[in-house]
Each structure stands twice: as C-alpha cells, then as structure tokens.
Amino acid sequence: MKSLEQLTRKNIWNLAPYSSARNEYAGREARVFLDANENPYNQPYNRYPDPLQLELKTAIAKVKGVPAENIFLGNGSDEAIDLPYRCFCEPGKDNVVAIEPTYGMYKVCADINDTEYRTVLLDEHFQTTADKLLAATDEHTKIIWLCTPNNPTGNCLIREEVIKVIEGFDGLVIVDEAYSDFSSQKPLRAELAKYPNLIVLNTMSKAWGCAAIRLGMAFASKEIIDIFNKVKYPYNVNLLTQQQALKALQDPFEVDGWVKILKEERGRVMQAFSILPICEKIYPTDANFFLAKMTDANKIYNYLVDQGIIVRNRNRVQLCQNCLRITIGTKTENSELIAALRQY
Ligand code: PMP
C-alpha cells in the first residue's frame with residue numbers, strides 16, 4: 001500500500017479542520033454552556049449534537065465488533081461514498097475503478113468530484129476477478145469500489161477475489177456491505193485489522209429498517225477515520241438521528257427476526273417468480289432483493305405501476321436487459337405483487 005500521505009490530496013493532508021465549540025471543550029463536568037452561541041431555551045434541541053457521536057459509536061462498536069475509533073458515521077452511507085473522493089481523489093487527475101453494474105452513487109460522486117470512473121464489466125454470473133480489476137488501475141487510481149452483496153445483481157462477489165484485490169492493490173479498496181446482514185458470507189469488516197487499505201461501508205437503511213433517519217457508517221483504520229473526520233461537516237449527524245439509532249441498536253434481536261422473515265419471504269417470492277410464464281430467469285441473491293429477467297420489463301413495470309405496485313426497472317442497466325429488481329416486502333405486499341403478476 002502507498003502511504004496514506006501519498007494517497008491523500010495535498011490540501012486535505014495539510015488541512016487545519018474547523019474546530020467547533022464542543023470540539024474545544026472536552027473533559028471535566030460542566031454546568032453552564034455559554035460557548036456555542038446557542039439559545040438556552042427549547043431543550044434538548046437547542047444544543048449542538050456531539051460532533052463525533054461517541055455514545056452512538058460505542059453502541060455500534062458492540063453490535064458490529066469494530067472499535068469506536070475505527071468508525072465514521074455519516075448522513076447515510078451516501079456521505080461515506082462522497083467523502084473518499086473529496087479526501088483522496090485530485091479532481092481532473094485521479095481515477096477510481098468499479099465493477100459494472102453496481103450501485104449508482106459511486107459514479108455520480110465520481111462525476112461530481114471530477115474523477116475518472118473506470119468500470120470492469122461483470123461476467124454472466126455477475127462475478128469478476130482480482131486480475132481484471134487490477135488490470136484496470138494505473139498510477140492515478142486511488143480507489144477500487146466493490147459492493148458485496150452487489151446492487152442491483154444481489155449476489156456476493158467471490159471472497160477470495162475480493163481479498164486478492166485488497167492484498168494486490170496499493171491504493172484503497174472500499175467494500176460496500178450495505179446488504180451483508182442478509183448474506184451468509186462472513187462480513188469483511190471482521191478483517192479490518194489485517195488490511196490498512198480497506199474501508200467497509202454499512203448502513204442503518206436496510207436490515208436495521210432505519211432508512212429515514214439517514215445513518216451510514218464507514219469502518220477503517222484510525223488514520224483513515226481521522227481524515228474523514230477532518231473533512232466532514234462539523235455536525236453531520238443530527239441529534240434526532242443519533243437518539244433514534246441508539247434506540248434501534250438496543251434491540252439487535254428484532255433485526256435478526258426481520259432478516260429471518262425477509263429471507264423466508266425471499267425464497268417464497270423467488271419460487272413464485274420462477275414459475276411465472278412472464279419470468280425468464282431469476283438470479284441468485286444474498287440481499288433483501290433479487291433480480292428477475294422478464295419477457296418485457298418495461299411493459300410489466302408500467303402494468304405494475306398502474307396497479308399501485310412499484311418495483312425497480314433495471315432494463316437500461318448493462319447486463320440487466322429486461323430485468324426488474326424486486327425488493328422483499330411484507331408477506332401481504334409480496335403476495336399482492338405475485339397476484340398482480342399472475343393476472344398479467
Ligand atoms: N450502498 C448500496 C449498495 C445501496 O444499495 C444503497 C442504497 N440503495 C446505499 C449504499 C445507500 O445507503 P444509505 O441509505 O445509507 O445512504
């Protein structure tokens with residue numbers, strides 16, 4: 001791996017971050033806060049939230065098995081997708097490599113940050129190899145993006161190939177494990193201590209059922225987390241989000257229950273799709289959604305919209321021609337979808 005200084009943009013490496021009132025005060029018990037130009041009324045919303053979200057990180061550390069100092073929290077994982085570009089990619093000069101198809105925000109953030117986005121097309125099993133990914137890199141490649149289980153294909157990438165990429169690349173490898181709670185593969189965040197160039201993304205938006213609160217996380221070395229903390233907005237995770245996330249984290253068993261039901265339902269819905277005359281193929285999945293190749297995705301999508309049922313039309317995505325991406329809902333919602341398709 002190149003040194004972190006070599007990988008970080010010079011202006012960011014040299015950045016003196018904003019120091020907020022609450023950053024500067026730390027330590028002894030205090031009773032009177034006259035430091036942050038807040039209004040003393042309307043408690044508790046009058047006070048700025050903890051800029052480094054320590055209480056929340058301590059709770060996440062327990063559930064995820066990652067030390068608090070190795071955790072960055074953001075406004076959804078979308079913030080943790082944008083931030084690495086701003087920290088590491090020199091606009092107009094550096095590039096990143098990603099699999100194709102994959103989650104669209106990696107490219108959108110590359111475009112926003114004027115960073116060349118190189119793609120490696122997956123094969124017909126939606127897999128790739130470390131050799132193909134590494135061959136797409138050059139001396140200006142700062143990041144390789146991997147998503148496993150991948151969106152929109154649903155499958156996990158081959159773990160040995162992912163490890164080979166991490167071991168063989170001298171830049172940063174970001175593995176988005178947004179859907180790993182639905183997968184039987186061991187999450188890569190467990191390997192963080194071994195790989196200083198690895199960043200793993202997680203989110204509260206999927207298995208944890210908290211998409212509305214916007215809480216995403218990046219797990220990485222303390223040195224990388226320190227760089228993220230320098231660049232992020234001072235109070236990027238608001239108090240309501242921190243409180244709600246803490247509440248959700250108190251009951252991980254509820255999440256386990258949801259995941260179990262969703263996986264069972266996933267099996268039932270996929271089985272029903274497999275015998276629909278309008279479904280040509282269903283792809284194996286490790287996520288809370290699956291991809292189905294239909295006879296005519298556009299027509300079927302519009303038909304479902306007319307019935308008030310919205311799925312994701314992936315027809316225009318490479319390798320996904322005529323594919324619909326189906327998110328697993330409640331039993332009733334899934335049954336409605338199946339019933340509507342049987343009537344098509
Ligand atoms: N990563 C992947 C792979 C996703 O599919 C999504 C959402 N569709 C996200 C990240 C974004 O998650 P968040 O809600 O945490 O921004």
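Which residue in E6 does Ile174 stand opposite? The points below give the answer in its setting.

1. Basis. This is a predicted model, in which local features need pLDDT of at least 70, side-chain atom pairs count only at pLDDT 80 or more, and totals for chains, interfaces and linings use all residues. Numbering starts from 1 along each chain as its sequence is written, and side-chain values use heavy atoms, with hydrogens and water left out.

2. The open sheet. Seven strands make up an open sheet of mixed pairing, ordered E1-E7-E6-E5-E4-E2-E3. Strands (E, at least two residues) and helices (H or I, at least four) are DSSP runs numbered from the N terminus; two strands pair if DSSP finds at least two bridges between them. Strand E1 (71–74) and strand E3 (116–121) each have a single partner strand and stand at the edges, so one side of each lacks a neighbour in the sheet. On average, neighbouring strands of this sheet are turned by 25° against each other, direction ignored.

3. E5 and E6. Strand E5 (residues 172–176) runs parallel to strand E6 (residues 198–203), and four bridges join them. Ile174 stands opposite Ile199 in E6.

4. A helix on the sheet. Helix H6 (residues 105–112) packs on the sheet and touches E3, strand E4 (141–147) and E5; contact means heavy atoms within 4.5 Å. The direction of H6 makes about 155° with that of E3. Axes are lines fitted to C-alpha atoms, for helices over the stretch in contact, and angles run from 0 to 180 degrees between N-to-C directions.

5. Strand E9. Five of the six residues of strand E9 (residues 289–294) are buried, that is, under 20% relative accessible area, with exposed over 50% and partly exposed in between (1.4 Å probe, protein chains only). E9 pairs in the antiparallel sense with strand E8 (residues 279–282) over three bridges, and with strand E11 (residues 323–327) over five bridges. E8 and E9 form a hairpin with six residues between them. Ile282 stands opposite Ala292 in E9, and Phe289 opposite Thr327 in E11.

6. Helix H5. Nine of the twelve residues of H5 are buried, so the rest of the structure largely encloses this helix. Among the buried residues of H5 are Glu79, Tyr85 and Phe88.

7. Helix H10. The buried residues of helix H10 (residues 239–249) are Thr241, Gln242, Ala245, Ala248 and Leu249. Seen down the axis of H10, they fall within an arc of 130°, so they line one face of the helix; the arc is that of the directions from the helix axis to the C-beta atoms. The buried residues of H10 pack against helix H4 (54–64) and helix H11 (252–274).
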